[in-house]
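Work through the exercises below with the structure in view. Try each task before reading its solution.

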Amino acid sequence: GMVETYEGIRYLRKDNIGYIQLARAPVNAFSPEMGKGLHTILELAEKDSLVRVVVLAGNGEYFSTGMDLKSVDVKNVDVISNLQQYVFNPIAYKLYTYQKPTIGVLNGTAAGAGLGFALGCDLLYARSSARLVFNTIDKGLLFACGGGYLLERTVGERRAKEILFRGTLLTAKEALEEKLVTKVFRDVEDLNSAVDRTARVLAEKSPVVISAIKSVMRRDTVEYSTYLEFEVSL
């Protein structure tokens with residue numbers, strides 16, 4: 001397969017499956033470079049005719065806690081909104097409009113932009129110990145990068161507001177009940193083998209039809225990009 005490495009991103013193509021791993025210890029938080037790397041790899045995998053399915057997973061106990069607030073001046077509103085506009089929103093938009101099926105793998109906790117990107121995947125498989133943490137309010141930040149749009153579309157407006165107002169933490173099982181994840185697995189071995197199996201099944205399906213299913217279900221690309229722009233303007 002093909003191996004590429006960017007800061008905090010590992011990419012491996014095995015047969016028709018592109019495996020992207022978030023790997024920036026300890027919590028796979030995104031530096032600006034890591035964000036640019038993820039966008040580059042997503043684009044590369046989308047253009048590679050040998051890739052039929054893309055798998056996005058974290059490395060270790062975390063999926064990703066989102067933007068690395070230690071590498072950013074959080075008090076500086078312009079810095080945050082520039083990062084959002086030029087680094088993080090393009091990833092969210094790329095995932096939303098992606099032409100190939102994507103499987104997000106919640107091997108562990110996801111928060112902030114990391115959780116937003118996970119929700120942007122077509123299928124989301126989780127380990128039972130994984131947590132979906134909607135606590136950006138406690139950091140004085142909006143749950144951004146399109147995550148609120150996907151949340152509201154899944155659980156409805158009232159529940160989405162409750163989750164975001166409270167800064168709610170959901171277990172994988174609770175997230176399954178809310179339809180925020182597709183399936184939950186007891187341990188990491190079960191999770192990974194199910195992901196590989198599903199990826200292989202999807203790789204055998206018509207890419208033209210899968211792409212059409214995605215386009216038709218995510219037809220509101222203008223509304224979504226307007227949402228992303230609106231978030232940044234707040």
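The model is predicted: local features need pLDDT of at least 70, side-chain atom pairs count only at pLDDT 80 or more, and totals for chains, interfaces and linings use all residues. Residues are numbered from 1 along each chain as its sequence is written, and side-chain values use heavy atoms, with hydrogens and water left out.

**Exercise 1.** Determine whether Asp15 is buried or exposed.

Solution. Start with the location: Asp15 sits in the loop between strand 2 (9-14) and strand 3 (17-22). Strands are DSSP runs of E with at least two residues, and helices are runs of H or I with at least four, numbered from the N terminus. Next, take the relative accessibility, which is 64%, so Asp15 counts as exposed. The cut-offs are under 20% relative accessible area for buried, over 50% for exposed and partly exposed in between, with a 1.4 Å probe and protein chains only.

**Exercise 2.** Classify Glu178 by its accessible area and find the side chain that it joins by a polar contact.

Solution. Glu178 is in the loop between helix 6 (172-177) and strand 11 (183-185). Its relative accessible area is 19%, so Glu178 is buried. A polar contact of 2.7 Å links its side chain to that of Arg159. Such a contact is a pair of N or O atoms within 3.5 Å; within protein, one must be able to donate a hydrogen and the other to accept it, and residues adjacent in sequence count only if both atoms are side-chain atoms.

**Exercise 3.** Find how far apart the C-alpha atoms of Asp15 and Leu50 are.

Solution. The two residues are 35 residues apart along the chain. Their C-alpha atoms are separated by 7.7 Å.
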